[in-house]
Amino acid sequence: MALFKDFGFQYSVFLNHFQFDILGNRNLKEKIMNIEQFWKAVLAQDEREIRKYFHAEAYVNWHCTNEHFTVDEYIVANCEYPGEWDGLVERVEIVNDLIITVVRIYPKDRSISFHVTSFIQTKNDKITAMDEYYADDGMAPQWRLDKRIGTPIK
């Protein structure tokens, strides 16, 4: 298992034995590095770098808030979002031209955190569509705590 840690990112992927997925698609290591750099640009709110990852006609859907963005609108929404951000890529799954990521996002002061699950459709190494689902990190609701069910994941 390879562990990548760079620019605040940390995620593990089985690379030593599986350089290609089961359908014989190209090198997973190459795709994973692209994803790492994409998330680095998103969290740094780097408009120029983010734009490089998208087809001109791509779109982004934020399902939790019922918003559909063009690439330009997504860049405004991301790059003008208040604060300075950091994050941790926790999981990457690749199925043909679909890249699924789970990323923990937080402001640099770590006062709060969120998880975003992204379904990233690609064509010729560029994003054509991205569907994202955001969730607040926090404690279980009181009714479940009262029932004393479940245990912490970490």
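**Ground rules.** I work with a predicted model, where local features need pLDDT of at least 70, side-chain atom pairs count only at pLDDT 80 or more, and totals for chains, interfaces and linings use all residues. Residues are numbered from 1 along each chain as its sequence is written, and side-chain values use heavy atoms, with hydrogens and water left out.

**Entry 1: the count.** I searched the whole structure and found six salt bridges (a side-chain nitrogen of Lys or Arg within 4 Å of a carboxyl oxygen of Asp or Glu).

**Entry 2: Arg 51.** I looked up its partners. Glu 47 is one of them, at 3.4 Å, N to O. Both sit in helix 2 (residues 47-51), four residues apart, so about one helical turn separates them. Helices are DSSP runs of H or I with at least four residues, strands are E runs of at least two, and both are numbered from the N terminus. Asp 72 also bridges to Arg 51, at 2.6 Å, N to O. Asp 72 lies in helix 3 (residues 71-79), so this pair ties together parts 21 residues apart in sequence.

**Entry 3: accessibility.** I checked how open these residues are. Arg 51 is partly exposed at 33% (buried is under 20% relative accessible area, exposed over 50%, partly exposed in between; 1.4 Å probe, protein chains only). Glu 47 is partly exposed at 43%. Asp 72 is partly exposed at 46%.

**Entry 4: another pair.** Asp 137 bridges to Arg 104, with the closest N and O atoms 3.7 Å apart. Asp 137 is in the loop between strand 8 (126-136) and helix 4 (142-147), while Arg 104 is in strand 6 (residues 98-107), 33 residues apart.

**Entry 5: the network.** Which residues do shared partners join into one network? I noted Glu 47, Arg 51 and Asp 72.
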